[in-house]
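Trainee: I have a model open and would like to talk it through with you. Could we go step by step?

Mentor: Happy to! Let's look together.

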Amino acid sequence: LGFGVGWCESLDEGAALALLRSHEVTLCAFEVDGALDLRDVPLERPCALLLGSEAHGVPEALARAAAFRVRIPIAPAVDSLGVAAASAIALYEAARRRSLPR
């Protein structure tokens, strides 16, 4: 098991979503107030992590297309995470669950 990063140029949003779905990739949109806690998301299976800017988040059309709208639990005193920190946490959790060698 490992991480693979595919690269496609010149795909519009609809074509990218269709391609991911055709490969049975689960879409996970990360949002400050997402309905599902990161700990409850099935990151063990193929998934695409959708993260937006800290100011605007994931575009609503993409968030609606996602199977899961995910939040990363943080302390009440913390306002939000930056996209770099949120993506690092999400990727680490996916790798941990997939038991990648250290």
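Trainee: How many residues line the second largest pocket, and which lie nearest its centre?

Mentor: Keep in mind that this is a predicted model. The lining of the second largest pocket is made up of 21 residues. Those nearest the centre of this pocket are Phe 30, Glu 31, Val 32, Leu 81 and Ala 86.

Trainee: How do the residues of the lining divide into nonpolar, polar and charged?

Mentor: Glu 31, one of the residues nearest the centre, belongs to the charged class. Phe 30, Val 32, Leu 81 and Ala 86 also lie nearest the centre, and these residue types count as nonpolar. For the whole lining, the division is eleven nonpolar, six polar and four charged.

Trainee: With which residue does Glu 31 form a salt bridge?

Mentor: Glu 31 sits in the loop between E1 and strand E2 (36-37), and its partner is in strand E4, so the pair ties together parts that are 38 residues apart in sequence. The closest N and O atoms of the pair are 2.9 Å apart. The partner is Arg 69.

Trainee: Is Glu 31 buried or exposed?

Mentor: The cut-off for buried is under 20% relative accessible area. Arg 69, at 27%, counts as partly exposed. Glu 31 has a relative accessibility of 17%, so this residue counts as buried.

Trainee: Which residues are linked with Glu 31 in a network of salt bridges?

Mentor: The structure holds seven salt bridges. One of them joins Arg 64 and Glu 60, with the closest N and O atoms 3.9 Å apart; these two are separated by about one helical turn because they are four residues apart in helix H2. Arg 64 is exposed at 57%, while Glu 60 is partly exposed at 40%. The residues linked with Glu 31 in the network are Glu 60, Arg 64 and Arg 69.

Trainee: How far apart are the closest N and O atoms of Glu 93 and Arg 96?

Mentor: Both residues lie in helix H3, three residues apart, about one turn of the helix. Glu 93 is buried, with a relative accessible area of 12%, whereas Arg 96 is partly exposed at 47%. The two form a salt bridge, and the distance between their closest N and O atoms is 2.7 Å.

Trainee: What separates the C-alpha atoms of Leu 51 and Val 83?

Mentor: Leu 51 is in the loop between strand E3 (47-50) and helix H2 (60-65), and is partly exposed at 28%. Leaving aside neighbours within four places in sequence, the contacts of Leu 51 are Phe 30, Val 58, Val 83, Ala 86 and Ser 87. Leu 51 and Val 83 are 32 residues apart along the chain, and their C-alpha atoms are separated by 6.7 Å.

Trainee: Which residues does Thr 26 touch, not counting residues up to four places away in sequence?

Mentor: Thr 26 lies in strand E1 (residues 26-30). This threonine counts as buried, at 12% relative accessibility. With those sequence neighbours not counted, Thr 26 touches Arg 45, Pro 46, Cys 47, Ala 48, Ala 67 and Phe 68.

Technical notes:
Residues are numbered from 1 along each chain as its sequence is written. This is a predicted model: local features need pLDDT of at least 70, side-chain atom pairs count only at pLDDT 80 or more; totals for chains, interfaces and linings use all residues. Side-chain values use heavy atoms; hydrogens and water are left out. On a 1 Å grid over the protein atoms alone, a cavity is a set of points where a 1.4 Å probe fits but cannot get out, and a pocket is an open set with protein on both sides within 12 Å along at least five of seven lines; lining residues have an atom within 4 Å of a point. Buried means under 20% relative accessible area, exposed over 50%, partly exposed in between (1.4 Å probe, protein chains only). Contact means heavy atoms within 4.5 Å. A salt bridge is a side-chain nitrogen of Lys or Arg within 4 Å of a carboxyl oxygen of Asp or Glu.
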